[in-house]
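Hello,

I am passing on the structure we talked about, and below it you will find what came out of a first look. Please read the notes with the structure open beside them.

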Amino acid sequence: MLLRNLKISQTVGHLGEAYQEWVHQPIVNKEGPRFFESEFWEFLTRTVWWAIPVIWLPIVCYSISVSIRMGHSVPEVALIVVFGIFVWTLMEYTLHRFLFYIKTKSYWGNTAYYLLHGCHHKHPMDGLCLVFPPAVTTILCVPFWNLIKLISTPSTAPSLFGGGLLGYVMYDVTHYYLHHGQPTGAVPRNLK
């Protein structure tokens with residue numbers, strides 16, 4: 001898979017220490033760079049915001065219903081779901097704090113960081129790159145599910161997973177709204 005974003009992908013890795021300054025000077029337009037030559041792979045990097053709830057909320061509901069069918073009461077499941085949202089929030093904070101804001105200066109470090117999160121800093125108004133692509137989320141759900149199974153019982157794992165996934169959906173649509181919406185309330189304006 002060849003990167004095709006001519007100027008950026010060919011030079012990002014070579015920026016060295018100057019990369020940090022460059023990536024935090026945003027280009028404020030509605031269109032971001034192209035990543036892949038292949039239309040198929042490029043399609044997998046672009047996501048409309050509404051695809052996130054449409055794809056993942058049915059899985060959240062199904063997961064929660066499994067725990068209920070396994071004998072848990074609705075109040076118990078609600079508590080487990082809230083804990084799942086907390087687990088997601090902690091994971092998201094940790095990723096952002098310790099991975100998405102690392103300082104890089106090597107060729108591969110700059111390139112990997114740009115593809116992982118730097119592009120979002122460089123092109124913050126690209127509406128098709130503000131939510132996490134479902135194909136990548138699907139892959140990341142496997143280790144998340146395994147972590148959930150490790151820390152919970154078979155009957156609580158589905159609702160804990162559903163809560164984590166619900167936390168992800170809430171985060172992603174909020175993230176999109178804060179970039180593209182016009183918040184009127186004090187809390188959303190401060191978040192923006």
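To begin with the second largest pocket, the residues that line it divide into 10 nonpolar, nine polar and two charged. There are 21 lining residues, and those closest to the centre of this pocket are Tyr171, His175, Leu178, His179 and Leu191. Its volume is about 480 Å³, and helix 8 gives the most to the lining, with seven residues, while helix 5, helix 6 and helix 8 each supply at least two.

Before going further, please keep in mind that this is a predicted model. The mean pLDDT of the protein chain is 86, with 94% of the residues reaching 70 or more. Confidence is highest in helix 4, at a mean of 97, and lowest in helix 1 (residues 6–11), at 53. Over residues 1–7 the pLDDT stays under 50, although the model has 18 contacts for them beyond four places in sequence. Where pLDDT is low, the predicted coordinates should not be read in detail.

The largest pocket has a volume of about 1,200 Å³. It is lined by 39 residues, of which Leu116, Phe132, Pro133, Val136 and Leu140 are the closest to its centre. Helix 5 (74–98), helix 6, helix 7 and helix 8 are the elements that give two or more residues to this lining, and the largest share, eight residues, comes from helix 7. By type, the lining of the largest pocket holds 29 nonpolar, eight polar and two charged residues.

The structure also holds one salt bridge, in which Arg46 pairs with Asp126, the closest N and O atoms being 3.0 Å apart. Because Arg46 lies in the loop between helix 3 (39–43) and helix 4 (51–69), and Asp126 in the loop between helix 6 (107–122) and helix 7 (134–151), the pair ties together parts that are 80 residues apart in sequence. Arg46 counts as partly exposed, at 21% relative accessibility, whereas Asp126 is buried, at 2%.

Leu160, in helix 8, is buried at 4%, and the contacts of Leu160 beyond four places in sequence are Ile80, Phe83, Gly84, Ile148, Ile151 and Ser152.

Best wishes

Conventions:
Residues numbered from 1 in each chain as written. Predicted model: local features only at pLDDT ≥ 70, side-chain atom pairs only at ≥ 80, totals over all residues. Heavy atoms only, no water. Salt bridge = Lys/Arg side-chain N within 4 Å of Asp/Glu carboxyl O. Helix = DSSP H or I, 4+ residues; strand = E, 2+ residues; numbered from the N terminus. Buried < 20%, exposed > 50% of the residue type's maximum accessible area, 1.4 Å probe, protein only. pLDDT = per-residue confidence, 0-100. Contact = heavy atoms within 4.5 Å. 1 Å grid on protein atoms, 1.4 Å probe; cavity = no way out; pocket = protein on both sides within 12 Å on 5 of 7 lines; lining within 4 Å. Points joined across faces, edges and corners; volume = space filled by probe spheres on them. Nonpolar A, V, L, I, M, F, W, Y, C, P; charged D, E, K, R; others polar.
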